[in-house]
Amino acid sequence: MKRLQNKIDFLFVGLWNPDNVYKDTRHNIGELVIRMFADKNKSKFSISDTGSYEQAITEINRKKILIIRPKVSMNNSGVALKNVLSENDLANENICIVHDDIDLPFGRLRLKLGSRYGGHNGVKSIETELGSQSYYRLKLGLGRPGKGIDPADYVLSSFSKSEVEEVDFLVADSVEVLLAFIDDKEIAIKKASERRVIDVV
């Protein structure tokens with residue numbers, strides 16, 4: 001039986017590796033979005049009873065949004081999410097997982113419901129633990145690594161100086177997509193798909 005702490009309308013989860021050694025790496029960009037979303041709505045994170053995630057709660061347009069940062073490794077993200085859902089009852093269709101995607105060109109966004117994990121081990125863990133793909137994913141494009149660079153090394157590297165400004169825009173635009181998601185998912189999908197890289201001179 002679920003021990004319900006809050007009536008939640010939406011759940012936003014930013015995937016990352018919380019250890020300091022991975023701070024500011026490409027793989028952690030999902031958490032950057034979640035952190036900015038919380039900051040913009042003046043929400044503070046606190047550790048959960050299980051210790052497997054940090055949570056912040058905000059209310060927008062009379063909807064209650066639970067914002068989550070797992071405190072487990074990226075590859076065990078599903079464990080944290082399972083703990084969240086054991087205490088909060090909401091439809092999978094109102095869950096949005098925010099994460100990096102190397103198969104999406106750098107700076108592009110895609111919001112999609114019910115797709116396979118596509119090689120992302122954090123999403124794979126969630127799919128395994130939930131036994132479902134019926135949740136939304138906001139994917140932030142990193143682009144493929146250069147020739148001879150291992151994808152695992154690439155996602156665990158920091159953004160280059162030439163990329164940092166565009167990453168800031170990308171994170172801010174992702175927050176706007178999440179805000180749109182609360183009111184109208186189709187508009188949010190369109191907003192994400194129309195995002196283009198800004199040419200920085």
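Which helix supplies the largest share of the lining of the second largest pocket? The structure is a predicted model, in which local features need pLDDT of at least 70 and side-chain atom pairs count only at pLDDT 80 or more, while totals for chains, interfaces and linings use all residues. Residues are numbered from 1 along each chain as its sequence is written, and side-chain values use heavy atoms, with hydrogens and water left out.

The answer is helix 1 (residues 29–40), which gives 3 residues; helices (H or I, at least four residues) and strands (E, at least two) are DSSP runs numbered from the N terminus. A pocket is an open set of points on a 1 Å grid over the protein atoms alone, where a 1.4 Å probe fits, with protein on both sides within 12 Å along at least five of seven lines, and lining residues have an atom within 4 Å of a point. The second largest pocket holds about 150 Å³ of space, a volume being the space filled by probe spheres set on the points. Its lining includes W16, D19, E31 and R69.

The largest pocket holds about 440 Å³. Of its 24 lining residues, H27, D100, G119, H120 and N121 lie nearest the centre. Strand 5 (95–101), strand 7 (136–141) and helix 4 (151–155) each supply at least two lining residues.

Elsewhere, the axes of helix 5 (residues 161–183) and helix 6 (residues 185–193) come within 6 Å and cross at roughly 160 degrees; axes are lines fitted to C-alpha atoms, for helices over the stretch in contact, and angles run from 0 to 180 degrees between N-to-C directions. The two helices are therefore roughly antiparallel, a term for angles over 145 degrees.

Note on methods: Angles under 35 degrees count as roughly parallel, over 145 as roughly antiparallel, 65 to 115 as roughly perpendicular and the rest as oblique.
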